[in-house]
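User: Can you walk me through this one? I'd like to start with how the chains meet.
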Protein chains: 2
Amino acid sequence: MGLFSKDIKSMDDLFAHSLRDIYYAEKQITKALPKMREKADDAQLKQAFEKHLEETENHIRNLEEVFRLMDLQPGGVDCPAIDGIIKEANDVAGEVEDKQVLDAALIAAAQAVEHYEITRYGTLITWANELDCDDWAEVLKRNLADEKAADEKLTQLAENRVNVAAIG
Amino acid sequence: MGLFSKDIKSMDDLFAHSLRDIYYAEKQITKALPKMREKADDAQLKQAFEKHLEETENHIRNLEEVFRLMDLQPGGVDCPAIDGIIKEANDVAGEVEDKQVLDAALIAAAQAVEHYEITRYGTLITWANELDCDDWAEVLKRNLADEKAADEKLTQLAENRVNVAAIG
């Protein structure tokens, strides 16, 4: 969208913009997760990243379903937020020497990603319901449920395994 | 920290790094909130941004207390995540024509900021407890409680006032 144009004129436009934002974000996440899996040392953490990659690919298909319901071509817009969150994850990971501490840092980074998605899906679902488009909301709720479950799983892994090993 | 050095060798180092990250983030948020308050049209939304600015200034003082408890000089590290989240907020706000739709966009942007802080404080509190530093955790819990309350307040404003006006 143009830097000096005002392309968002209605809540429908704002919804579509935000849908494109999270679509771009999910695609970036499919690129980031394999790298995080590779860096992880703990086997269960590797497995959690692998599982969430499969879920993320499914989220992209779900978003494409919402685009279809809206009669729009699927497409992304630049999302400096997810780019920044992923850049920070890479920066911090690059500074950690110890394998167990790196696992703890990877979990923190992944939870920042999850929380970004949780807030975006929460907003989109509210807007969809208010726009009387419950069918869009129903699809988006599936993605939100996965993100919340992934965040909870990461908390459990951190508290029960990874942080214990990192503190040593 | 150096691009090719591995400065994080322990969970204490990772904790200190993440504390500097959120300290930088809170400082950036004190610069962003007055601009968001100025752009907002709804009186209650303006008031919510004003109140959260005061809370954010208090969060910075609380973080400085944690630095003192750790015998560290307060200081920030670059936080590309919050920079990206704030950049995205500005980009989207710049594209919205309608005042009521802009209010809805501002709330969504502010909630992305809150969720970033919620995930970071959640992680820091867990680590502090695991490092047997409950005094650090107690201070950080005050900030987390404010962020969660601010997020909840924004949801209420969106659902009860702002989105209703924006959909028209």
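User: How much area do chain B and chain A bury between them?
Analyst: About 3900 Å² in this predicted model. Of that buried area, 58% is on carbon and sulfur atoms.

User: How many residues does the contact take from chain B and from chain A?
Analyst: It takes 48 residues from chain B and 48 residues from chain A.

User: OK, charges. How many salt bridges cross the interface of chain B and chain A?
Analyst: Four by the rule. A search of the whole structure, over all chains, gives 18.

User: What does A:Glu97 form a salt bridge with?
Analyst: With B:Lys9. The closest N and O atoms of that pair are 3.2 Å apart.

User: And which side chain meets A:Lys9 in a salt bridge?
Analyst: That of B:Glu97, at 3.3 Å, N to O. The pair crosses between chains. A:Lys9 sits in the segment before α1 (11-39) of chain A. B:Glu97 sits in the loop between α3 and α4 of chain B.

User: Is A:Lys9 buried, exposed or partly exposed?
Analyst: A:Lys9 counts as partly exposed, because its relative accessibility is 45%.

User: Polar contacts next. How many residue pairs between chain B and chain A?
Analyst: The count is 23 residue pairs, both partners at pLDDT 80 or more.

User: Which helices of chain B supply at least two residues each to the side that touches chain A?
Analyst: α1 (11-39), α3 (80-95), α4 (99-130) and α5 (134-167). The largest share comes from α4(B), with 16 residues.

User: How does that side of chain B split by class?
Analyst: It has 23 nonpolar, 12 polar and 13 charged residues.

User: Let's zoom in on A:Thr119. Where does it lie?
Analyst: In helix α4 (residues 99-130) of chain A.

User: Buried or exposed?
Analyst: A:Thr119 counts as buried, because its relative accessibility is 4%. The cut-off for buried is under 20%.

User: Leaving aside neighbours within four places in sequence, what is A:Thr119 in contact with?
Analyst: With B:Gln111, B:Ala112 and B:His115.

User: How far is the backbone oxygen of B:Gln111 from a polar atom of the A:Thr119 side chain?
Analyst: 3.5 Å.

User: Now inside chain B. What does the side chain of B:Lys87 meet in a salt bridge?
Analyst: The side chain of B:Asp91, at 2.9 Å, N to O. Both residues lie in helix α3 of chain B. They are four residues apart, about one turn of the helix.

User: How accessible are B:Lys87 and B:Asp91?
Analyst: B:Lys87 is partly exposed, with a relative accessible area of 45%. B:Asp91 is also partly exposed, with 30%.

User: And B:Lys141, which partner there?
Analyst: B:Glu138. The closest N and O atoms in this salt bridge are 3.2 Å apart.

User: What about accessibility for B:Lys141 and B:Glu138?
Analyst: B:Lys141 counts as partly exposed at 35% relative accessibility. B:Glu138 is partly exposed too, with a relative accessible area of 44%.

User: Which residues are joined into one network by salt bridges that share partners?
Analyst: A:Asp21, A:Arg120 and B:Glu88.

User: Last one. Where does B:Asp7 lie?
Analyst: In the segment before α1 of chain B. B:Asp7 is partly exposed, with a relative accessible area of 34%.

User: How far apart are B:Asp7 and B:Tyr23 in sequence and in space?
Analyst: They are 16 residues apart in sequence. In space the distance is 19 Å, C-alpha to C-alpha.

Conventions. Residues are numbered from 1 along each chain as its sequence is written. Chains are lettered from A and ligands numbered from 1 in the order in which they are written. This is a predicted model: local features need pLDDT of at least 70, side-chain atom pairs count only at pLDDT 80 or more; totals for chains, interfaces and linings use all residues. Side-chain values use heavy atoms; hydrogens and water are left out. Contact means heavy atoms within 4.5 Å. Buried area is the accessible area (1.4 Å probe) that two parts lose on being put together, summed over both. A polar contact is a pair of N or O atoms within 3.5 Å; within protein, one must be able to donate a hydrogen and the other to accept it, and residues adjacent in sequence count only if both atoms are side-chain atoms. Ala, Val, Leu, Ile, Met, Phe, Trp, Tyr, Cys and Pro count as nonpolar, Asp, Glu, Lys and Arg as charged, and the others, Gly among them, as polar. Buried means under 20% relative accessible area, exposed over 50%, partly exposed in between (1.4 Å probe, protein chains only).
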